[in-house]
Structure formats: C-alpha cells, structure tokens
Amino acid sequence: MRIGELAARAGTTTRTLRYYEARGLLPARRDGNGHRTYDESDLRLLRQIRTLQDFGFDLEETRPFVECLRAGHPEGDSCPAALVVYRRKLAELDALIGQLTAVRETVAGQLARAERARDELAVEALVPGGPEPLCELGGQER
C-alpha cells in the first residue's frame, strides 16, 4: 500500500509516517517509481506505536516493541527489551503516583484547615458583637 493509504488505515498523517521512517521505526521501502510502499506488518507496527503512546510511552520507548515485531515475534512485548521498558515505565508511574498522593494529602490538609477557619469565623459571627466574616474577594459574605 502507499503512504496515504497506510496513514488513513493507521489513523495518522503521512507526515507522521515520514517522521517514524526518519527515526528508524518504520521501514523505508520503495517501489520501482520511488514511491514508498507498505504492507500489513507496517500497519501492525504503527498500531503498536500508537497504543503505547496512548498509554504514555514516548516514541523512543516504543522502539524495543517495534523491533520485537520486526524480528517476527507474535507480540511486540514478547522480547526481553520490551519487558525492561515495561518495568521502567511502571517504576516511573509508581513515582508519579507517590508524588500525586503527597500533593493530594497537602491539598486535603489545606482544605481541612480552611474549612475549620471558616467554621470558627461563622461561630464568632453568631456571637453578638462578633466579627462579620469577609469574603476573600474583598466583599461581605452576609
């Protein structure tokens, strides 16, 4: 198939395919007229790349999976190098989850503190002569 058909079937652009070719992820085969030609195995490579990118893998991280498929393996993740990338990505995700958990705990603590302060002001406002709560935007709440 020609580059336009492959791009359409893979749900991408011809520009992207040329970029993958330049990066060595997609083979550069030409017919007698110099046109790029592709087959079903190339479509499979593109689907593997796209799936991994949808999962957050950067383009270079897809290389071991692509090379595994190009070597004739039935799945792109059946080679040791692909498993290394999976393990590295899981460690990266675990670190990000840890960071997000810490941020969430901080935000939850700030929210609890702010709600306590608001409640204390509301109680004081009910006492005759107590302060009138001010809106943080500068106006009166009540």
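**Surface, contacts and a disulfide**

Tutor: The protein chain exposes about 9600 Å², of which carbon and sulfur atoms supply 56%, with areas taken by the Shrake-Rupley method using a 1.4 Å probe and, for residues, only the protein chains shown as cover. This is a predicted model, in which local features need pLDDT of at least 70 and side-chain atom pairs pLDDT 80 or more, while totals for chains, interfaces and linings use all residues. Residues are numbered from 1 along each chain as its sequence is written, and side-chain values use heavy atoms, leaving out hydrogens and water.

Student: What makes Cys 68 and Cys 79 a disulfide?

Tutor: Their sulfur atoms lie 2.1 Å apart, and a disulfide is a pair of cysteine sulfur atoms within 2.5 Å, so the pair qualifies. It links distant parts of the chain, 11 residues apart, with Cys 68 in helix H4 (residues 63-70) and Cys 79 in the loop between H4 and helix H5 (80-126); helices here are DSSP runs (H or I) of at least four residues, strands (E) of at least two, numbered from the N terminus. A search of the whole structure finds 1 disulfide.

Student: Why is the disulfide of Cys 68 and Cys 79 called right-handed?

Tutor: The torsion about its S-S bond is about 80°, and therefore the disulfide is right-handed.

Student: What pattern does the protein chain follow along the sequence?

Tutor: The pattern is α-α-β-β-α-α-α, coming to 5 helices and 2 strands.
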